[in-house]
Amino acid sequence: KMTLDEKRLIILASSTARVIDATEKDAIDITVEQFARECDLKVSSAYKQLEVASKKLLNRSFFYKNERGKRVGVNWVIRAIYDDGYTSICFPNEVLFMFKKFDDNNPFTKYKKEEVLKLKGEYSIDLYHLAKKYEGMKIFQITLEDYRLELRLPKSYYRINNLKSRVLEPAIKEINEKTEINISYENVKR
């Protein structure tokens, strides 16, 4: 349930973390100018967007099951410092491991960041990740329930007409216009 700017910040920081082979102690700095340039934003608005995104990331977490089958909760970032003109974030080992080791399956590392950072729609980045995940298949099917779960959609989008008009169709249009992939869909009724 990350915001668009949180996702952008993760995408920008993940490539730097891999390049420098970051550890938990290494801070990844993202400047406002870099954030604005890479995300095609006005510098004047990027200050607040970067500040809010770095603060919100402190409260974001995910879960996985360890080798003993126990559920482990992990925050996306350990520390985030916002100062006038840049943010500095540190990632925990689990997140750094994903950035470095899961390149084949990790949606944050499977494409050029320039492509995805062009996207501005709330669900466009998520649908782009999903499309890249299945890119080699050319055609894939996903149930409506799995699609809702994958994009973490609120209940207001459980009505199919809301889902199509506010999530699916705007995201597809933007992805087709701004990226190298072309998406279309077809309803399959049971």
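**Rings and their neighbours**

Author: Let's start with a charge over a ring: arginine 148 sits over the face of tyrosine 158, 4.6 Å from the ring centre. Keep in mind that this is a predicted model. There's another arrangement of this kind at phenylalanine 63, where arginine 71 lies over the ring face, at 3.8 Å from the centre.

Now for rings meeting rings. A pair of aromatic rings is described by the distance of the centres and the angle of the planes. The count here comes to three aromatic pairs. One of them joins phenylalanine 91 and phenylalanine 99: their ring centres are 5.1 Å apart and the planes stand at 85°, and since anything over 60 degrees counts as edge-to-face, that's what this pair is. Both phenylalanine 91 and phenylalanine 99 are buried.

Another pair is tyrosine 123 with tyrosine 157. Here the centres are 5.9 Å apart and the planes are at 90°, so this one is edge-to-face too. What I'd point out is that it links distant parts of the chain, with the two tyrosines 34 residues apart. Tyrosine 123 is in the loop between helix H5 (113–116) and helix H6 (124–133), while tyrosine 157 is in the loop between helix H7 (144–151) and helix H8 (160–178). As for burial, tyrosine 123 has a relative accessible area of 9%, and because the cut-off for buried is under 20%, it qualifies. Tyrosine 157, at 14% relative accessibility, counts as buried as well.

Back to phenylalanine 99, which also turns up in a helix contact. Helix H1 (residues 4–19) packs with helix H4 (residues 93–101) at an angle of about 75°, the axes being 9 Å apart. H1 and H4 are therefore roughly perpendicular to each other. On the H1 side the contact uses Ile10, Ser14, Ala17 and Arg18, and on the H4 side Leu96, Phe99 and Lys100. Sorted by class, that contact of H1 with H4 has four nonpolar, one polar and two charged residues.

H2 brings Val32, Glu33, Phe35 and Ala36, and H3 brings Val43, Ala46, Tyr47, Gln49 and Leu50. The contact of H2 with H3 splits into seven nonpolar residues, one polar and one charged.

Definitions and conventions
Residues are numbered from 1 along each chain as its sequence is written. This is a predicted model: local features need pLDDT of at least 70, side-chain atom pairs count only at pLDDT 80 or more; totals for chains, interfaces and linings use all residues. Side-chain values use heavy atoms; hydrogens and water are left out. Axes are lines fitted to C-alpha atoms, for helices over the stretch in contact, and angles run from 0 to 180 degrees between N-to-C directions. Helices (H or I, at least four residues) and strands (E, at least two) are DSSP runs, numbered from the N terminus. Angles under 35 degrees count as roughly parallel, over 145 as roughly antiparallel, 65 to 115 as roughly perpendicular and the rest as oblique. Contact means heavy atoms within 4.5 Å. Ala, Val, Leu, Ile, Met, Phe, Trp, Tyr, Cys and Pro count as nonpolar, Asp, Glu, Lys and Arg as charged, and the others, Gly among them, as polar. Rings of Phe, Tyr and Trp (its six-membered ring) pair if their centres lie within 6.5 Å; planes under 30 degrees apart count as stacked, over 60 as edge-to-face and the rest as tilted. Buried means under 20% relative accessible area, exposed over 50%, partly exposed in between (1.4 Å probe, protein chains only). A charge sits over a ring if NZ of Lys or CZ of Arg is within 6 Å of the ring centre and within 35 degrees of the ring normal.
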